[in-house]
Amino acid sequence: MDATGDDRTPRSPHTPTRHHTRTGILLSTAAALITAAVPASATPPTAAPTPDPAPVVLDCFSKPQVRPDEYLLACGDGNNRLVDLHWNTWNQKTATATGTDMVNDCRPYCAAGHFRPYPVTVTLSHPQPWPDHPGTQRFTTIRLLYTHTTPTPTPKDVTYKLVYDTPDTP
């Protein structure tokens, strides 16, 4: 018996108490359960594959554009330009926008003509590989659907080819 009247044997500060022993057993059991729950053959998760970049549309200088605000249709004389384009979609197959087709009426002749606005829905489609640019697709057609009036003599719904590849010269 010690001076306090307690007959317990004094413990060293490093001797575990019953509480510490119980906590250690519980932690060891939890670790064993977690280890048993994870199969040994589990493979770490892999990152999702990176999607191919969306196609581009080429401007008059063969510069790639994505969601351009403006697009020149008449590269030779600048008499037809899409402006204020607001893109609703731009994905692997198509791109759609609303905007205005500014067309020179060329009256009495183009240099003296006036640009007239025509509301239009624009759809880019038919992506194809861009030669000499591996991994890049380019839209090859553009469809204009005039939502009100049309420039004379253009039909209300017209599709143009966008690819102007020049043949290789020998």
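**Disulfides, rings and a pocket**

Author: Cys60 has a relative accessibility of 27%, so this residue counts as partly exposed. The model in view is a predicted one.

Reader: To which residue does a disulfide join Cys60?

Author: Buried means under 20% relative accessible area and exposed means over 50%, and Cys60 at 27% counts as partly exposed. The sulfur atoms of the two are 1.8 Å apart, and the residue joined to Cys60 is Cys75.

Reader: Is the disulfide of Cys60 and Cys75 left-handed or right-handed?

Author: The two cysteines sit in distant parts of the chain, 15 residues apart. Cys60 is in the loop between β1 (57–58) and β2 (64–65), and Cys75 is in the loop between β3 (71–72) and β4 (80–90). The torsion about their S-S bond is about -85°, so the disulfide is left-handed.

Reader: What pattern do the disulfides of the protein follow?

Author: A search of the whole structure gives two disulfides. Besides the link of Cys60 to Cys75, there is one from Cys106 to Cys110, with an S to S distance of 1.9 Å. With bonded cysteines counted along the chain, the pattern is 1-2, 3-4.

Reader: Which handedness has the link of Cys106 and Cys110?

Author: Cys106 is partly exposed at 23% relative accessibility, and Cys110 is partly exposed at 34%. About their S-S bond the angle is 95°, and the link is right-handed.

Reader: Which residues do ring pairs link into a cluster?

Author: The whole structure holds three aromatic pairs. One of them is formed by Trp87 and Trp90, edge-to-face, with 4.9 Å centre to centre and 75° between the planes. Both of these tryptophans are buried. The cluster linked by ring pairs consists of Trp87, Trp90 and Phe139.

Reader: How many residues apart in sequence are the parts that the pair of Tyr118 and Tyr146 ties together?

Author: Tyr118 and Tyr146 form an edge-to-face pair, with 6.4 Å centre to centre and 85° between the planes. Tyr118 lies in strand β6 and Tyr146 in strand β7 (residues 137–146), so the parts tied together are apart in sequence by 28 residues.

Reader: Is Tyr146 buried or exposed?

Author: The limit for buried is under 20% relative accessible area. Tyr118, at 13%, counts as buried. Tyr146 has a relative accessible area of 2%, so Tyr146 is buried.

Reader: With which side chain does the side chain of Asn104 make a polar contact?

Author: Asn104 is placed in strand β5 and is buried, with a relative accessible area of 8%. A polar atom of its side chain lies 3.4 Å from the backbone nitrogen of His114. The side-chain contact of Asn104, at 2.7 Å, is with Asn79.

Reader: Which elements give two or more residues to the lining of the second largest pocket?

Author: The second largest pocket has a volume of about 310 Å³. Its lining has 15 residues, and the closest to the centre are Val103, Asn104, Asp105, Pro151 and Thr152. The elements that give two or more residues to this lining are β5 (95–104) and β6 (115–129).

Methods: Residues are numbered from 1 along each chain as its sequence is written. This is a predicted model: local features need pLDDT of at least 70, side-chain atom pairs count only at pLDDT 80 or more; totals for chains, interfaces and linings use all residues. Side-chain values use heavy atoms; hydrogens and water are left out. On a 1 Å grid over the protein atoms alone, a cavity is a set of points where a 1.4 Å probe fits but cannot get out, and a pocket is an open set with protein on both sides within 12 Å along at least five of seven lines; lining residues have an atom within 4 Å of a point. Grid points are joined across faces, edges and corners, and a volume is the space filled by probe spheres set on the points. Helices (H or I, at least four residues) and strands (E, at least two) are DSSP runs, numbered from the N terminus. A disulfide is a pair of cysteine sulfur atoms within 2.5 Å. Buried means under 20% relative accessible area, exposed over 50%, partly exposed in between (1.4 Å probe, protein chains only). Rings of Phe, Tyr and Trp (its six-membered ring) pair if their centres lie within 6.5 Å; planes under 30 degrees apart count as stacked, over 60 as edge-to-face and the rest as tilted. A polar contact is a pair of N or O atoms within 3.5 Å; within protein, one must be able to donate a hydrogen and the other to accept it, and residues adjacent in sequence count only if both atoms are side-chain atoms.
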